[in-house]
Amino acid sequence: RILGRHRDEKRLAGFTYNGIEFSQDSLNVFAGLCAVDNPKHVEEMLSALKANGLQCTRMGAYKPRTNPYAFQGHGADCLPWVFDLAGKYGIKVIAMEVTHEQHIAEINEALDQSGNPCGVILQIGTRNTQNFELLKAIGRQTRHPGLLKRGFGITLNESLNAAEYLASEGNNQVIFCLRGMKSDFGAPHRNLVDFAQVPTVKRLTRMPVCIDPSHSVGTRERSPDGILELCHATTQGIIAGANMVLVDFHPAPEKALVDGPQAMLLSELEPFLKDVEIARNAY
Ligand code: PEP
């Protein structure tokens, strides 16, 4: 069980995946594209990660969109070149959302064909937190860890039970992600930033806890003191004890096909990582 509260069991849910440690003691930054758009942007993104010593990224191939006419992601078509580029830039783990059980098979097939040693964490988006058949499918397979986003309109306890679905089917490699809640009190952010709940999740469960400042804050705007709101939220989450940061960057946010306004510029990656380091040392 993931929802164990016994102190001695605390470390049991930590795991190492493709050489990267995920536990309630580790900290990994997954900076990358919200949505894969073209090989040039993916390559520029991965090159920036390598230059900054990062080995993990986020890359969205399957995008759940509010508007049916909006870009839905390139899906399986982009997987071969995304995995090849990941190999070229030494990426060890990619966080990638899946919205249907079939996507797991597509990812496996593309990984097997590319012969690329990169790993994929299967992300369950906030709109699918209670898609129980998808949860069971990701729980049944144990090749990839799962990254469960909290539901943006349900209680924390309901989201934690959704994570338990993965474990109940056999997959104990589960990371829980706080990504903000829908609320009128969240303004001027896209969602009510909920990173104060990092210690609560760590106390109630044995899962590593991820924060997603991009989908919580939802804007690259700066606060009156000139600091990016995204950096403020991230450092607060890390000081609260977050173990993973899922964050949107883009080489040309104005051309991004999904969520451009919340993507940070590549020139902001280095200062962002410095802030992460300062917050890590403060935790
Ligand atoms: C995402 O991370 O790309 C995403 C769509 O997030 P969420 O499910 O939290 O909205």
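This is a predicted model: local features need pLDDT of at least 70, side-chain atom pairs count only at pLDDT 80 or more; totals for chains, interfaces and linings use all residues.
Start with the overall fold. The protein chain has nine helices and ten strands. Its radius of gyration is 17 Å, close to the 19 Å that the globule rule gives for 283 residues, so the chain is as compact as a globular protein of that length. Along the principal axes, the C-alpha atoms fill a box of roughly 50 × 45 × 35 Å. Of the 283 residues, 49% are buried.

Now take helix 1, residues 39-51. Its length can be checked. At 1.5 Å a residue, these 13 residues should span 18 Å, and the end C-alpha atoms are 18 Å apart, which agrees. The buried residues here are Val42, Met45, Leu46, Ala48 and Leu49. Viewed down the axis of helix 1, they fall within an arc of 155°, so they line one face of the helix. An α-helix has 3.6 residues a turn, so residues three or four places apart point the same way.

What lies over that buried face? The cover of the buried residues includes strand 3 (28-32), strand 4 (56-58), helix 2 (79-88) and helix 9 (269-282). The face turned away from the buried side carries the exposed residues Lys40 and Ala51. After helix 1 comes glycine 53, with a positive phi near 75°.

Leu46 and Leu49 are among the buried residues of helix 1. Tyrosine 89 also lies 8.3 Å from glutamine 55, C-alpha to C-alpha, although 34 residues separate the two in sequence.

Last, the ligand. Which residues are around the ligand? They are Cys34, Gly60, Glu97, Gly125, Thr126, Arg127, Lys149, Arg179, Asp212 and His215. By class, this shell has five charged, four polar and one nonpolar residue.

Definitions and conventions. Residues are numbered from 1 along each chain as its sequence is written. Helices (H or I, at least four residues) and strands (E, at least two) are DSSP runs, numbered from the N terminus. The expected span of a helix is 1.5 Å times one less than its number of residues. A residue is buried if 20 or more other C-beta atoms lie within 10 Å of its own, exposed if 12 or fewer, and partly exposed in between; C-beta atoms are placed from the backbone. The arc is that of the directions from the helix axis to the C-beta atoms. Two residues are in contact if their C-beta atoms, placed from the backbone, lie within 7 Å. A residue is near a molecule or strand if its C-beta atom, placed from the backbone, lies within 6 Å of it. Ala, Val, Leu, Ile, Met, Phe, Trp, Tyr, Cys and Pro count as nonpolar, Asp, Glu, Lys and Arg as charged, and the others, Gly among them, as polar. The radius of gyration is taken over C-alpha atoms; the globule rule is 2.2 Å times the number of residues to the power 0.38.
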